[in-house]
Amino acid sequence: MYMGHIVLGITGGIAAYKAVEVARQLILLGHMVKVVMTENATRLVSPVTFGAITGNPVALELFEGPHGSMKHISLSREAELVVVAPATANILAKMASGLADDLLSTTLLATKAPILVAPAMNSNMYNHPATLSNIRELESRGVHVLGPASGSLACGEEGSGRMVEPDEIVESALRIMGMTRRLRGRKVLVTAGGTREPIDPVRFIGNRSSGRMGYALAEIAVNMGADVILVSGPTGLQAPKGVELIDVLRAEEMREEVVRLAKDCDVIVMAAAVADFTPSEVSRHKVKKDNIEELDLRLTRTRDILAELGKMKQKDQVLVGFAAETKEIEEHARRKMKAKKVDIMVANDVSSDDAGFASDYNRATIFFSDGGEMELDLIPKRDLARIIWEAAADLMG
Ligand code: CTP
């Protein structure tokens with residue numbers, strides 16, 4: 001699953017080399033990026049570069065692929081956003097007049113997705129009444145026009161016409177897709193998955209947590225600009241790009257890692273299903289069944305990580321807990337929230353079928369320590385993750 005599907009159009013401006021960085025950042029943020037280059041653009045940067053960065057073949061021709069497939073239609077349909085960077089005076093003119101004579105201009109005419117353009121050209125070309133009027137026309141149709149900036153230009157002149165920096169293009173692309181970067185500069189810690197408490201060298205006590213919620217939280221936090229540490233029990237999931245992954249097995253190991261890292265974090269989200277009990281004794285050798293009809297397992301309470309975090313909570317630190325309940329959800333969630341000094345408690349009813357431990361969806365109610373609550377429908381875990389981070393960001397101010 002990708003965060004978003006973006007078509008990145010590249011036209012023949014010297015700034016085309018900067019589009020490599022735009023593609024790279026979007027890929028790092030988990031987006032599917034398909035690059036379309038005009039013929040002139042390929043003279044400036046090789047399509048091979050974009051192919052390698054995005055992991056997708058670069059689209060160049062209208063009628064490439066088997067049976068003259070309609071590339072512009074598939075590209076325009078799957079795009080959630082089309083970015084043109086750099087956008088030359090020529091492509092802006094074509095867009096303004098609805099010309100479609102190559103793959104990129106045809107895709108731009110066919111798409112219903114929002115369009116972001118980052119003009120880049122010589123300042124005389126930019127200041128020409130034709131270009132300025134084309135840009136005004138595009139803006140009036142809802143095209144997002146970013147820049148150009150002024151400064152020294154590739155042609156040796158000074159003035160307006162520089163493409164804005166890749167960071168700004170990425171930032172703006174995310175904003176248009178409704179993905180804010182509110183966690184930029186924040187350090188967050190997320191725990192995920194279930195812990196495993198060993199009984200003997202081959203057996204353990206585990207639980208049904210799949211880790212999906214925690215991984216979605218980590219992924220979205222990266223997307224929102226945070227530095228993310230993910231402390232995870234075994235899940236079989238691939239760590240999202242850009243997170244620092246710390247693998248743990250037992251509840252106590254998770255506790256040690258989390259407590260060690262907690263004080264430097266702005267937000268800590270305990271999404272892990274931490275074992276509440278652990279075998280009092282771990283057999284050094286495999287327990288044999290011969291002559292055993294009934295086996296007693298003595299269990300000892302584990303330490304509650306979230307409660308400990310509540311006690312050592314730093315000023316302005318936001319603590320988020322999860323409460324998996326089967327009944328009296330609000331009552332239990334609020335009690336846990338208070339006892340553990342949690343700011344945001346995400347409660348879900350694990351007795352319902354669609355709470356799906358191994359599902360990509362979740363139905364939850366979010367309780368806030370100020371008494372507020374937010375009841376949510378069954379939504380993708382990623383959407384829930386975004387809502388949780390937005391709520392945490394609100395608390396941080
Ligand atoms: N939690 C924790 N350390 C533990 C147990 C739980 O940090 N040893 C955290 C979980 O990660 C979750 C929250 O506490 O964020 C609530 O966990 P839950 O199991 O629902 O509640 P408990 O407080 O353990 O109570 P109970 O199992 O009795 O419902």
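Figure 1. T54 lies in helix 3, which spans residues 47-54; helices here are DSSP runs of H or I with at least four residues, strands are DSSP runs of E with at least two, and both are numbered from the N terminus. This is a predicted model, in which local features need pLDDT of at least 70 and side-chain atom pairs count only at pLDDT 80 or more, while totals for chains, interfaces and linings use all residues. Residues are numbered from 1 along each chain as its sequence is written, and side-chain values use heavy atoms, with hydrogens and water left out. T54 counts as buried, at 9% relative accessibility; buried means under 20% relative accessible area, exposed means over 50%, and partly exposed covers the values in between, with a 1.4 Å probe and protein chains only. A polar atom of the T54 side chain lies 2.8 Å from the backbone oxygen of F50. A polar atom of the T54 side chain also lies 3.2 Å from the backbone nitrogen of N56. Not counting residues up to four places away in sequence, T54 touches A23, I27, V33 and V35, where contact means heavy atoms within 4.5 Å.

Figure 2. The eight strands follow the order 12-11-8-13-16-17-18-19, and their pairing is mixed. Strand 12 (243-247) and strand 19 (373-380) each have a single partner strand, so one side of each of these edge strands is left without a neighbour in the sheet. From one strand to the next, the twist averages 20°; axes are lines fitted to C-alpha atoms, for helices over the stretch in contact, and angles run from 0 to 180 degrees between N-to-C directions. Two strands pair if DSSP finds at least two bridges between them. Strand 16 (residues 318-325) pairs with strand 17 (residues 344-349) in the parallel sense, over six bridges. Within this view, G321 stands opposite M345 in strand 17.

**Figure 3. E325 and its contacts.** E325 belongs to strand 16. The residue is buried, with a relative accessible area of 8%. The side chains of E325 and K336 are joined by a polar contact of 2.4 Å. A polar contact is a pair of N or O atoms within 3.5 Å; within protein, one must be able to donate a hydrogen and the other to accept it, and residues adjacent in sequence count only if both atoms are side-chain atoms. Leaving aside neighbours within four places in sequence, the residues in contact with E325 are H332, A333, K336, N348, D349, V350 and S351.

**Figure 4. The largest pocket and its lining.** The largest pocket has a volume of about 1100 Å³. Of the 41 residues that line the largest pocket, A272, A273, V274, F322 and A324 are the closest to its centre. Two or more lining residues come from each of helix 10 (212-223), helix 12 (305-311), strand 16, helix 13 (329-339) and strand 17. Strand 16 gives the most to this lining, with four residues. On a 1 Å grid over the protein atoms alone, a pocket is an open set of points with protein on both sides within 12 Å along at least five of seven lines, whereas a cavity is a set of points where a 1.4 Å probe fits but cannot get out; lining residues have an atom within 4 Å of a point. Grid points are joined across faces, edges and corners, and the volume is the space filled by probe spheres set on the points.

Figure 5. The peptide bond from A85 to P86 is cis, with omega near -5°. P86 is placed in strand 3 (residues 81-87). G147 and P148 are likewise joined by a cis peptide bond, for which omega is about 5°. P148 is found in the loop between strand 5 (144-145) and strand 6 (149-152).

Figure 6. D316, a residue other than glycine, has a positive phi near 70°. D316 is placed in the loop between helix 12 and strand 16, and counts as exposed at 60% relative accessibility. E328 is not a glycine either, yet its phi is positive, at about 40°. The loop between strand 16 and helix 13 holds E328, which is partly exposed, with a relative accessible area of 45%.
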